[in-house]
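Q: I have a new model on screen and want to learn to read it. Where do we begin?

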Number of protein chains: 2
Amino acid sequence: MRVELFSVGTELLLGEIVDTNAAYLAEKLSHLGVDVYHKTTVGDNAERLAAAVRVALERAEVVLATGGLGPTEDDLTAAVFAKVMGTDLAPDEVAAERIRAFAQSRGITLLDRLLKQARLPRGAEAVPNPVGTAPGFILSRRGKTVIALPGVPAEMKAMAEQTVLPYLAARARGEGSAALVTRTLRLVGIGESQAEAEIADLIHAQTNPTIAPYAKTMEVHLRLAARAADEEAARALIAPVEAEIRRRLQPHIYGADDEALEERLGQRLRAAGKTLAVAESCTGGLIGHRLTNVPGSSHYFLASMVTYSNQSKVALLGVPEATLAAHGAVSPETAEAMAEGARRRSGADIGLSATGIAGPEGGTEAKPVGLVYLALADEEGAVVEEQRLRGDRLMIKERTAQLALYLLFRRLQAQAEVTG
Amino acid sequence: MRVELFSVGTELLLGEIVDTNAAYLAEKLSHLGVDVYHKTTVGDNAERLAAAVRVALERAEVVLATGGLGPTEDDLTAAVFAKVMGTDLAPDEVAAERIRAFAQSRGITLLDRLLKQARLPRGAEAVPNPVGTAPGFILSRRGKTVIALPGVPAEMKAMAEQTVLPYLAARARGEGSAALVTRTLRLVGIGESQAEAEIADLIHAQTNPTIAPYAKTMEVHLRLAARAADEEAARALIAPVEAEIRRRLQPHIYGADDEALEERLGQRLRAAGKTLAVAESCTGGLIGHRLTNVPGSSHYFLASMVTYSNQSKVALLGVPEATLAAHGAVSPETAEAMAEGARRRSGADIGLSATGIAGPEGGTEAKPVGLVYLALADEEGAVVEEQRLRGDRLMIKERTAQLALYLLFRRLQAQAEVTG
């Protein structure tokens, strides 16, 4: 089965936003073993959209589009798709009822406008939107299918995962597509070239599964992809290669597939029965934000004290004024005092801290932008690390947060090995 | 002049990388007043690439492609573009000489492979690559032009800026293309449909500038785009329309163009000489993270206390245990005590707080997932707001953070109006 991806929106043609929707869907479809040979982007123009969809339906069985489903005048996807498929729009009562209930709960009065979103191509199946009002739809006629989802990434993803991807997966299976199984190993504390060098022989020897390394923010993903008659056979091809990679790179492998570092840390903390508190300076709350993205993190995450001013480091964390005066806010001594303070003030088993200069201002020759100190304190004492990072303000924040979580990962890993 | 953008590479169709090249070129072209009506992505397949280029050359005068110019077998752009334009490849001596010099300086021996990159369509003008070996090219025949650049973003950008964009700008000027100027007004505290309804008459009456609304996370962007002979004339077309929109929607307009809400808040806080501290529960640090993404935020942002456990709300913020016992952690009373506590403990002028249930667990019938309380405390007293949000855990965090910043925005706005 061939699927062509469509992204609808003039803002995409003006470069005002980067099209992450198409990349997300492309990746999910590749995992289903569905072929995607073209991606097309068109603006909010009915004629050009219709012409492009006609071209697409000549070379693919399915057009999967995002964008242009909102309540405003320039949202044309439903009307154009209906026309190209030889039908027209009709109200969908279930979708209309959802919108009425939503509007009522919010005291919204502009119902007519919102109700435009409940007009779907006649004969289409509505795709429920669990996080917004605009429904999507799936419309099949004469052996061709068009699917439309909203452009808001959170809505698009929820609807794809709940309805559209299962639908396409079932069709792909029904057509006997070869199963593509992928497995991503997630590594931290090693660079892309070094990881690749350690397994260069495997990468060259293998074609099924293929092995491809990808560099992410202070981590590396190794993606293994195998094709076989069914999923079980594909998994059997991956297993020995994964085992060999794990044998060589185990200390760096923190998880697999969609598992983020903070999720693995959460499992480790729960298994060890330990609690955590964080003291943040240059990361501004990002470490706490990442840790609390994990459902259930309240079981082990007690608090993060984002102490941006020196005075708040003293008042909230008990960092000695003398330490700040003698060594400055960005110093190993202050990092250690912050980690100890986070632990003591919150009553947590482990205190983790980060202090540094995110820039673009505030750097000096002795302490340049990108200089960062990380510390971890627990019942065994404290460790402090110095890092010199590059990038703009946000990149330095992200890299610092990742390295702080890596410091915690190593500590928990070492302790698990001792007790395990 | 119409340009169609092409992105060449199977990795784009597998979703392994996000296509930032196309967004970059689209934005640059819009500033030149060049029309881009389509973007097309195709894989490393000669037949499909040729077919797609033929389609593109029927609807645009210029095809501008990135990717597929490297030294490996699957780099097909030069050969396919030559064929579609009715010519073949020939060695380009200047390009070959550059590659030889580069290879020698690095001790590279795979010269044959690299020299493949010096074979360009016969009659093409080479586009020099100041930061790599692969040259690009511009080839014009029979009123149509194809342009190819490498896919590596740093090389693509350098070559676009040095050669391709000046070339296209000169052609656009020669053809009397108009300058396009865009202006984005950023609104908070109003939905997309309501914003559109308030200015529906303007949207319909206007074609230059056009006005288009876009929904973002708990905010709306209104994009005005005007075409005129030069930038100054285009700006003059936008000014009165922007003034009328501001007259109608002023309380909601927090900024323009790339300015984020946290940046505007920073300016307001600095102008008012006020400091801020935050107390976060369900947002986990995200409010602090956003506030500290602004360079210079240390001038007004003192601290954020991310108090995830009840015990940390008591110990770090001084929330009375009786309040937690009587009303729970997610309650107007606790939100107010958190905001007061953040202010008192940090010595800030303003305390801002958020407490809620981000899910997916922890909801009850009385307090469902998505129930959030926000509070702001300053010398005038405290205000508390209840919100009922939808979405997954991350969306509820993001929406809560945005609404907390909006609460602060309104307070600073009201105070600025009194003092101003």
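A: With a definition. Helices and strands here are DSSP runs, numbered from the N terminus, and a helix needs at least four residues. Keep in mind that this is a predicted model.

Q: How many residues of α15(B) are buried?
A: First, the general idea. An α-helix has 3.6 residues a turn, so residues three or four places apart point the same way. Now the case here. α15(B) is mostly covered, with 12 of its 15 residues buried. Among them are B:Ala335, B:Met338 and B:Ala342. The buried list also includes B:Glu336, B:Glu340, B:Arg343 and B:Arg345.

Q: Now strands. Which strands pair with β9(B)?
A: The cut-off first: two strands pair if DSSP finds at least two bridges between them. Strand β9 of chain B, residues 179–188, has 10 bridges to β11(B), and the two run antiparallel. There, B:Thr184 has B:Arg223 as its bridge partner. β9(B) also pairs with β12(B), antiparallel, over 3 bridges. As for burial, β9(B) is mostly covered: 8 of its 10 residues are buried.

Q: What is the strand order in the sheet of 10 strands?
A: The order is β17(A)-β16(A)-β15(A)-β13(A)-β14(A)-β14(B)-β13(B)-β15(B)-β16(B)-β17(B). The sheet is open and its pairing is mixed. β17 of chain A and β17 of chain B are the edge strands, each pairing on one side only. The twist averages 10° from one strand to the next.

Q: Which helix packs on the sheet?
A: Helix α16 of chain A, residues 393–419, touching β15, β16 and β17 of chain A. Its direction makes about 30° with that of β16(A). In chain B, β15(B) and β16(B) pair antiparallel over 6 bridges. B:Gly351 stands opposite B:Ala377 there.

Q: How many residues does each chain give to the contact?
A: Chain A gives 70 residues and chain B gives 69. On the chain A side, 33 are nonpolar, 25 polar and 12 charged. Strands also cross between the chains: β2(A) and β2(B) run antiparallel, joined by 5 bridges. A:Thr41 has B:Lys39 as its bridge partner.

Notes
Residues numbered from 1 in each chain as written. Chains lettered and ligands numbered in written order. Predicted model: local features only at pLDDT ≥ 70, side-chain atom pairs only at ≥ 80, totals over all residues. Contact = placed C-beta atoms within 7 Å. Nonpolar A, V, L, I, M, F, W, Y, C, P; charged D, E, K, R; others polar. Buried ≥ 20, exposed ≤ 12 C-beta atoms within 10 Å, placed from the backbone. Axes fitted to C-alpha atoms, helices over the stretch in contact; angles between N-to-C directions.
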